[in-house]
Amino acid sequence: MPFLVSDTSVIIDLDRGDLLEAAFELDDSLVVPDLLFERELDADFGERLRSLGIVIESLDGSEVRRATQLRRGEPRLSVADTFAFALAQGRQWTLLTGDGVLRSVAEAEGVAVHGVLWVFDRIEANRICDAATLHGCLSKTAAHPRCRLPRREIELRLKRYSGR
């Protein structure tokens, strides 16, 4: 079973679009570092994420050192983001992020990385939700004032989901 290490933004975007439960129906295990979970998710999402089957992992010593090294070298990243990166890199798992800086670092380091739209694509490919549901979910996510997803990619998927 593949492991997908998520940052906070992906979890929030999936929740905004009412697609969080569907993401847990994929054959992948959604994983977050314990520090990220405790600092950024537990208060608002903790009980729900646990009931859905989120995997909460502690970093080992070398992974913590890698996260610390990355934070020193790239201060625009949060500590939680560096922990997600170090977990994905250290275990050779895929990183899910909506953060451009984190994505760039992962690509430069050869870590497999995707965003929330890739999760939409996986849900579609696995027929977990129909096109009308995906259209509504993506529309809702895209309408949020803090949405930073690429407009062109959103429009392509909305057209596909509507059959145009």
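Is F3 buried, exposed or partly exposed, and what is its relative accessible area? F3 has a relative accessible area of 29% and therefore counts as partly exposed, where buried means under 20%, exposed over 50% and partly exposed in between, computed with a 1.4 Å probe on protein chains only. The model is a predicted one, in which local features need pLDDT of at least 70 and side-chain atom pairs count only at pLDDT 80 or more, while totals for chains, interfaces and linings use all residues. Residues are numbered from 1 along each chain as its sequence is written, and side-chain values use heavy atoms, with hydrogens and water left out.

Helices (H or I, at least four residues) and strands (E, at least two) are DSSP runs numbered from the N terminus. Strand 1 (residues 3–6) runs parallel to strand 2 (residues 29–33), with three bridges joining them; two strands pair if DSSP finds at least two bridges between them. Within strand 2, S29 is the bridge partner of F3. Strand 1 also pairs with strand 4 in the parallel sense, over three bridges, and there V5 has L95 as its bridge partner.

T94 belongs to strand 4 (residues 94–96). Its relative accessibility is 18%, so T94 counts as buried. Beyond its neighbours within four places in sequence, T94 is in contact (heavy atoms within 4.5 Å) with F3, L4, V5, A88, A112, V113 and H114.

Rings of Phe, Tyr and Trp (its six-membered ring) pair if their centres lie within 6.5 Å; planes under 30 degrees apart count as stacked, over 60 as edge-to-face and the rest as tilted. The count by this rule is one aromatic pair. F3 and W93 form this stacked pair, at 4.4 Å centre to centre with 25 degrees between the planes. The pair links distant parts of the chain, 90 residues apart: F3 lies in strand 1, and W93 in the loop between helix 5 (79–91) and strand 4. W93 is buried, because its relative accessible area is 17%.

The largest pocket holds about 520 Å³ of space. Its lining has 25 residues, with S9, D13, G98, D99 and L149 nearest the centre. Helix 1 gives the most to this lining, with five residues.

Definitions and conventions: 1 Å grid on protein atoms, 1.4 Å probe; cavity = no way out; pocket = protein on both sides within 12 Å on 5 of 7 lines; lining within 4 Å. Points joined across faces, edges and corners; volume = space filled by probe spheres on them.
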